[in-house]
Amino acid sequence: WLVLGLFTVFGDASSKGGGGKIRVNRRSTVRSVLGGIGASPFSKSILRARAYERDNELPDIETAKKIIQTISPQNSLNDASDDVARAVASLIKQGESNGVSISNKDWSGRWHVIYAPHIRTLSKVLLGTKFDVEYVIKDEKTEFGPTIQSNVRYENPILGKGWLYSSGTVRSDGESDALSVVSFRDFWLSFGENPPNSKPDMNSGLRSVVNSLGRAGFIEDFSQFPVLYLDSEFCVFKFPLLDVTIAARKEAL
């Protein structure tokens, strides 16, 4: 959704007939805009996260898992404590020691994001907007891998409450056994406290416009995520575009 907004505002709409040219412009535009964020509060979150990863005084792996298992995802996501950051760094260290393989793992489940420094900063920048993020992965065999749906709940003092959605497929990269590739194809949104019971008709009215913008703004090159740690309960991966680490906890569907 961040990339969609940037592309819609800054995309080079004048390029026609040369898909490669449009792709280069979109990539360079987003990189340039986000590169300028270095002086913003985002940079503080990134540097803070790196400091935790360098910290030698990390909890052992079992203690780290207990910390992550008992926290409230929404509270942790919007205002992560030092203990959570160190617990995530401990998982990363474990992954570096043992290696990470994702091609033969069962990804199915509801993955609730519990740590994402850029979301915490975004919450402060957007007038105290609170976010709750989850990824639902189902082992529904498709040509491109299991299905994935991203559900982002927001709550803003002015805009109220609502949901942002995207769905598609997820797979491991053919050349790296520790790189996941997400391909989103459908994008929609809803307003209010409760999410809809099912995926809406993507070809009707405003939904068609939103979906078309989402597809136009989606760049798969920015949706390749190195996995730093993965087991049956927890996952830690890197978001290269913003150079931040994200951690999620697996829950029942």
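Trp 107 lies in the loop between α6 and β1, where helices (H or I, at least four residues) and strands (E, at least two) are DSSP runs numbered from the N terminus. This is a predicted model, in which local features need pLDDT of at least 70 and side-chain atom pairs count only at pLDDT 80 or more, while totals for chains, interfaces and linings use all residues. Residues are numbered from 1 along each chain as its sequence is written, and side-chain values use heavy atoms, with hydrogens and water left out.

Trp 107 counts as buried because its relative accessibility is 13%; buried means under 20% relative accessible area, exposed over 50% and partly exposed in between (1.4 Å probe, protein chains only). Leaving aside neighbours within four places in sequence, its contacts (heavy atoms within 4.5 Å) include Ile 137, Val 170, Leu 230 and Lys 250. The C-alpha atoms of Trp 107 and Leu 230 are separated by 9.4 Å, although the two residues are 123 apart along the chain.

Helix α4 (residues 61-70) has Ile 61, Ala 64, Lys 65 and Ile 68 as its buried residues. They cover an arc of only 100° around the axis (taken from the directions from the helix axis to the C-beta atoms), which puts them on the same side of α4. The face turned away from that side carries the exposed Lys 66 and Thr 70.

| Element | Residues |
|---|---|
| α6 | 82-98 |
| β1 | 109-115 |
| β6 | 224-230 |
| β7 | 234-239 |
| β8 | 244-251 |
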